[in-house]
Amino acid sequence: KRLAPPAVIGQAVVLQYSADTLLPQFLKELYLQCTTPPMPKNPYPGILRDTLRRGYLLHTQTESHTSLGRLLSTPMVLIDSTGYIYSTSHIQESVGKKHEGMIEGRKEQAEKEEEEQEDEWG
């Protein structure tokens, strides 16, 4: 059941996402990393490393041990030598299919909830 009126539902979703992913704590950690002595000359590599680490954790927390094992044992292929970008066809396919399904499911659920909420709110 939706707890926010339709006028502020977008902001409510962003706030809930930020709370679920512990975004405020992560931003505090990044800030302290950049401002606490000894301060790095260039903080961006550390920020990028920590942001990627957090993204990988968020992406893999819903994966099963079997699929993670498959992802880790798949050989990497160099895609772009200037940017040192590696990938596997397995990762690209699985991520694409997973996110497409998640997005479609969420759209349908949101539309259904909106209709129910509009009936309830008047």
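In which helix is the place of Glu111?

## A charged helix

Glu111 has its place in helix 5, which covers residues 89–121. In this predicted model, Glu111 belongs to a patch of negative charge on the surface, where it gathers with Glu108, Glu114, Glu115, Glu116, Glu118 and Asp119.

## Overall architecture

The protein chain contains five helices and two strands, and reading along the sequence gives the pattern α-α-α-α-β-β-α. Of the 122 residues in the protein chain, 12% are buried, and the accessible surface comes to about 10100 Å², with 62% of that area belonging to carbon and sulfur atoms. When contacts between residues at least 6 apart in sequence are considered, 39% of them join residues at least 24 apart.

Ser18 is found in helix 1, made up of residues 9–20, and it counts as buried because its relative accessibility is 15%, the cut-off for burial being under 20%. Once its neighbours within four places in sequence are left aside, Ser18 is in contact with Leu23 and Pro24.

Conventions: Residues are numbered from 1 along each chain as its sequence is written. This is a predicted model: local features need pLDDT of at least 70, side-chain atom pairs count only at pLDDT 80 or more; totals for chains, interfaces and linings use all residues. Side-chain values use heavy atoms; hydrogens and water are left out. Patches are made of residues with over 30% relative accessible area and no salt bridge: like charges are joined within 9 Å, nonpolar side chains (Val, Leu, Ile, Met, Phe, Trp, Tyr) within 5 Å. Accessible areas come from the Shrake-Rupley method with a 1.4 Å probe; for residues, only the protein chains shown count as cover. A salt bridge is a side-chain nitrogen of Lys or Arg within 4 Å of a carboxyl oxygen of Asp or Glu. Lys and Arg count as positive and Asp and Glu as negative; His and the chain ends are not counted. The place of a charge is taken as NZ of Lys, CZ of Arg, CG of Asp or CD of Glu. Helices (H or I, at least four residues) and strands (E, at least two) are DSSP runs, numbered from the N terminus. Buried means under 20% relative accessible area, exposed over 50%, partly exposed in between (1.4 Å probe, protein chains only). Contact means heavy atoms within 4.5 Å.
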